Amino acid sequence: MDVIMSKNNSEYLIERNDNIYEVVIGLEVHAQVTSNSKLFSSSSTKFGAEPNTQVSLVDAAFPGMLPVINEYCVKQAIKTGIGLKAKINNKSVFDRKNYFYADLPQGYQISQYKYPIVGEGNVILDMPEGQKQVGIERLHLEQDAGKSIHDIDPSNTLVDLNRSGVALMEIVSKPDLRSPDEVNAYIKKLRSIMRYLGTCDGNMQEGSLRADVNVSVRIKGSTELGTRCEIKNVNSIKFMQMAIIYEANRQVDLIEEGEEIDQETRLFDTKKNETRSMRSKEDAHDYRYFPDPDLLPLEITDEFIDQLKSEIPELPDDKKKRFIDEFKISPYEATILVSDIDTAKYFEEVVVKMGKNRDMKLAVNWITGELFAVLNNKNIDIAHSPISAKNLAKLINLIKNGTISGKIAKTIFELMLDGDIDPQIIVEEKGLKQQSDPKALEALIDKIINDNREKAIEYKQGKEKLFGFFVGQAMKASGGKANPQLINEILKKKL
Amino acid sequence: MKLQNLLLIDLKSQKKLNAYVTENFENCLKLSKEFDNKPNYDLKLPGIPIAVKDLFCTNEVRTTAGSNILNNFVPSYESTVTQNIWNEGGILLGKLNCDEFAMGSSNETSFFGNVQNPIAKDLVPGGSSGGSSSALAANLTPVTIGTDTGGSIRQPASFTGTVGLKPTYGSCSRYGIVAFASSLDQAGPMSKDVKDSSILLEVISSFDKKDSTSIDFKRNNYSSELTRNIKGIKIGIPKEYRVDGMPDEIENLWKKGIEYAKDCGAEIIDISLPHTSYALPTYYIVAPAEASSNLARYDGVKYGLRSSGESLIDMYEKTRSEGFGEEVKRRIMIGTYVLSSGYYDAYYLKAQKVRQLIKKDFDEAYNKVDAILTPSTPSSAFKIGEKSNDPVSMYLNDIFTVPVNLAGLPGISIPAGRDKNNYPLGLQIIGKPFDEQTVLNIAYSMEEKINYKNNITDWWM
């Protein structure tokens with residue numbers, strides 16, 4: 001595989017026979033709206049219930065049943081639109097997308113076709129080489145379908161309608177993405193914004209976030225778009241990246257062989273790591289979209305939008321800026337801390353609890369270092385951190401005011417994990433307080449020099465490496481509690 | 001109980017009319033007894049047995065929509081309109097035959113067979129609410145309700161010498177009514193006289209949050225506000241309703257109607273509804289388009305008929321081939337066609353634009369008049385089988401009623417005379433949106449002057 005890694009390490013180019021290709025990617029992200037009930041019915045949306053236990057007569061499309069819009073879902077879509085810095089349309093229309101499938105009870109999906117609720121917007125990606133803006137084409141509301149289960153009964157397909165009618169936001173990007181890394185950053189940023197807003201939990205395992213990936217390739221520098229293929233329903237970032245790499249290379253191979261690329265819909269086979277044709281453009285469904293006569297056009301006033309704007313929390317981009325300005329941390333550190341709303345919350349709580357004498361450097365290092373390592377190892381998210389922000393702040397303050405050394409702090413941190421124990425209590429109970437009494441340390445050092453007279457002489461004769469030996473001995477003798485700075489000072493004086 | 005017992009004697013002999021699809025007689029008797037034990041005459045329909053069109057979903061009583069595909073369907077819920085009737089003391093007597101999914105003008109498309117018009121043997125009762133009009137005219141239900149998408153209440157009323165009212169779109173909830181064309185469907189009362197229709201309208205019209213197209217407007221007490229004083233009311237006569245080939249007897253009926261209206265004190269004004277001739281083609285694009293989508297849910301997966309097939313597609317094809325009749329299939333195909341990419345703009349979108357023009361015609365007319373008087377139908381009832389192989393001629397039945405649905409207006413048909421065969425003929429009064437009261441008042445005063453009486457011989461007994 002001839003993939004060039006350029007100086008910009010998120011760039012993705014493919015070289016074949018002296019031609020350099022770039023890949024053009026657009027995403028249609030399906031994000032499940034966080035809402036207790038469905039888009040047009042009052043059924044629960046809770047994940048993981050027994051099959052067909054969260055299905056109303058409307059969801060199962062019984063005769064004479066009618067959809068009634070869930071205002072909360074509309075608000076969630078508008079909030080998301082605001083988070084994407086997008087135009088909120090005062091008038092939008094629900095259309096019927098007609099097709100037959102066993103898990104589509106109405107025989108049509110209620111969606112928005114010509115007039116979506118949200119228009120153009122954009123998202124800023126933080127890439128290693130700098131920021132990149134990705135355009136948002138639109139966001140619309142639609143119903144999810146049910147689930148067909150083919151592998152339980154050998155001769156029948158089973159249908160679970162729990163998901164039928166759940167509200168989805170389809171967020172369509174412009175074809176602005178150029179690499180698997182950018183796709184990764186884009187999905188994470190979208191997810192982050194929606195989690196800040198509380199409009200989508202972004203849980204990919206539960207299917208709350210899925211995407212159709214549009215891929216085309218072209219000679220780098222060209223401004224025309226190549227023929228694209230759409231890879232349907234990919235449900236993890238890793239699979240999206242794998243699918244893009246496979247698909248882009250497939251298309252480049254075709255072009256290099258002088259063949260045409262068919263505009264088609266493809267599926268990604270995660271086991272074989274390849275995309276396969278699902279249907280060609282000629283076989284494309286004619287969905288016969290038309291405005292749903294059971295629903296009136298959705299009319300939203302500016303006052304309604306302004307009200308929702310006033311409810312929008314600080315979003316990642318603004319928070320990042322504030323962290324840099326207010327806490328004097330680096331843009332890199334700020335990016336890490338704001339990427340997830342719970343991390344940002346945790347960090348801010350640590351900052352508050354540290355009080356006046358706060359040490360940002362220590363706070364950032366302990367959160368992104370020790371804490372992240374533990375969370376990763378144990379596979380828990382920061383919202384359920386075994387160490388509370390309050391106690392981590394205490395630990396940091398103990399280091400900062402010299403009560404304990406950084407090394408002892410690591411020991412205490414391990415002990416804190418077992419039930420979020422107050423570090424102060426551990427210090428006292430285990431007697432881990434740093435030894436900072438100069439007289440006691442002098443006595444301790446005098447004894448060490450006495451016991452190691454020959455080495456002390458060697459040091460004086462110029463074997464400076466031995467200084468470390470004496471520091472080590474002193475620390476050991478103090479049970480690791482000696483204030484290392486003081487040890488250094490006294491040793492220099494005495495030796 | 002007296003009323004119930006009287007009805008039941010007649011009901012036993014109704015089989016030849018085929019007005020009922022499902023009888024609820026025994027349960028009705030039981031509930032009637034309960035009512036008699038604890039009567040409440042403050043209700044608007046105290047203990048009145050009422051049969052309804054089989055398009056209304058009735059809790060635990062089979063609801064077929066006249067279709068094989070719902071032959072075995074028993075809802076676990078009640079339509080808002082019928083619930084309103086039971087809340088006022090009405091008791092379900094049975095479910096009345098209708099054209100399959102309300103698609104038809106003669107009740108000949110029903111899976112349960114055609115219905116006889118009690119006026120004469122082998123005469124259609126109109127459609128799609130043909131079971132309703134037949135049962136009503138034959139005294140097999142004191143009043144009834146139908147649904148009207150393009151004339152399905154008013155045309156059968158006209159064919160049977162009864163009164164039928166289609167309310168303003170949004171007046172009666174569509175919740176629990178098997179949908180035909182959602183933007184046109186409207187439930188309405190059918191009765192022997194205008195007064196009963198006004199009572200029934202009062203009961204069934206309500207704002208319903210379960211129907212997003214239901215409209216929250218102030219509803220009158222239609223029956224207590226009913227008056228024969230229509231002095232000075234301006235009634236428009238649209239010249240475009242004088243269609244080519246209209247029989248003289250319809251023309252004469254209309255003239256007579258104008259005289260009656262004048263006698264009642266109304267002022268007659270000539271008006272123009274210039275887009276009238278486009279109404280029927282517009283209707284036959286919009287209604288099938290919506291129907292093709294509304295009927296997609298009958299796929300054999302969840303309820304109703306399921307034919308076995310070798311694959312999902314095969315099952316769909318067999319279920320829908322066996323479950324739907326010819327007229328329904330025809331309309332699904334028309335609807336699918338006009339919504340197809342490449343044809344959408346030329347048909348569906350254009351039809352929607354024309355629909356706006358038709359509505360605008362009425363809006364402008366209502367700057368000059370309070371109501372409009374037209375014939376209900378271009379002919380009287382025809383013989384069973386006479387038009388069943390000629391869809392276009394069948395569709396022409398709705399030529400005077402369809403514009404009213406497209407514009408969402410209230411319209412009533414009242415019996416106004418007879419043709420040369422002595423078959424009833426109706427006149428239609430069309431009102432302003434939400435102005436059912438004026439429509440009813442005009443009908444009420446003209447009814448007195450016309451003094452029409454059905455002459456039914458009980459030939460089927």
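User: What kind of crossing does helix 8 of chain A make as it passes helix 9 of chain A?
Analyst: Helix 8 of chain A passes helix 9 of chain A in a right-handed crossing. A crossing is right-handed if the near helix is turned clockwise from the far one by less than a right angle, and left-handed if anticlockwise. The model is predicted, so local features need pLDDT of at least 70 and side-chain atom pairs count only at pLDDT 80 or more, while totals for chains, interfaces and linings use all residues. Residues are numbered from 1 along each chain as its sequence is written, and chains are lettered from A and ligands numbered from 1 in the order in which they are written.

User: Why is helix 8 of chain A called oblique to helix 9 of chain A?
Analyst: Their axes come within 10 Å and cross at roughly 125 degrees. Axes are lines fitted to C-alpha atoms, for helices over the stretch in contact, with angles from 0 to 180 degrees between N-to-C directions. Angles under 35 degrees count as roughly parallel, over 145 as roughly antiparallel, 65 to 115 as roughly perpendicular and the rest as oblique. Helix 8 of chain A is therefore oblique to helix 9 of chain A.

User: Which residues make the contact of helix 8 of chain A with helix 9 of chain A?
Analyst: Helix 8 of chain A contributes A:L362, A:A363, A:W366 and A:L371, and helix 9 of chain A contributes A:L392, A:I396, A:I399 and A:K400. Residues are in contact if their C-beta atoms, placed from the backbone, lie within 7 Å. By class there are seven nonpolar, no polar and one charged. Nonpolar covers Ala, Val, Leu, Ile, Met, Phe, Trp, Tyr, Cys and Pro, charged covers Asp, Glu, Lys and Arg, and the others, Gly among them, are polar.

User: What makes A:N379 stand out?
Analyst: A:N379 has a positive phi of about 55 degrees although it is not a glycine. A:N379 is in the loop between helix 8 (360-378) and helix 9 (389-400) of chain A. Helices here are DSSP runs of H or I with at least four residues, strands are runs of E with at least two, and both are numbered from the N terminus.

User: Why is helix 10 of chain A described as roughly perpendicular to helix 11 of chain A?
Analyst: Helix 10 (residues 406-416) and helix 11 (residues 423-430) of chain A pack at an angle of about 110 degrees, with their axes 10 Å apart. That angle makes helix 10 of chain A roughly perpendicular to helix 11 of chain A. The contact is made by A:I412, A:L415 and A:M416 of helix 10 of chain A with A:P423, A:I426 and A:V427 of helix 11 of chain A. By class, that contact has six nonpolar, no polar and no charged residues.

User: How do you know that strand 6 and strand 16 of chain A stand at the edges?
Analyst: The open sheet of three strands has the order 6-5-16 in chain A, with antiparallel pairing. Strand 6 (108-111) and strand 16 (290-291) of chain A each have a single partner strand, so one side of each lacks a neighbour in the sheet. Strands pair if DSSP finds at least two bridges between them. Strand 5 (residues 95-98) of chain A is joined to strand 6 of chain A by four bridges, and A:R96 stands opposite A:I110.

User: How do you know that strand 14 and strand 15 of chain A pair?
Analyst: Six bridges join strand 14 (residues 264-269) to strand 15 (residues 274-280) of chain A, and the two run antiparallel. A:S280 in strand 15 of chain A is the bridge partner of A:E264. The hairpin has four residues between these strands, and A:N273 takes a positive phi near 55 degrees there.

User: What makes chain B as compact as a globular protein of its length?
Analyst: Its radius of gyration is 21 Å, close to the 23 Å that the globule rule gives for 461 residues, so chain B is as compact as a globular protein of that length. The radius is taken over C-alpha atoms, and the rule is 2.2 Å times the number of residues to the power 0.38.

User: What radius of gyration does chain A have?
Analyst: Chain A has 30 Å, whereas a compact globule of 495 residues would be near 23 Å. Its C-alpha atoms fill a box of roughly 95 × 60 × 50 Å along the principal axes.

User: How many residues of chain A are in contact with chain B?
Analyst: 26 residues of chain A are in contact with 33 residues of chain B. The chain A side has 18 nonpolar, four polar and four charged residues.

Conventions
Two residues are in contact if their C-beta atoms, placed from the backbone, lie within 7 Å.
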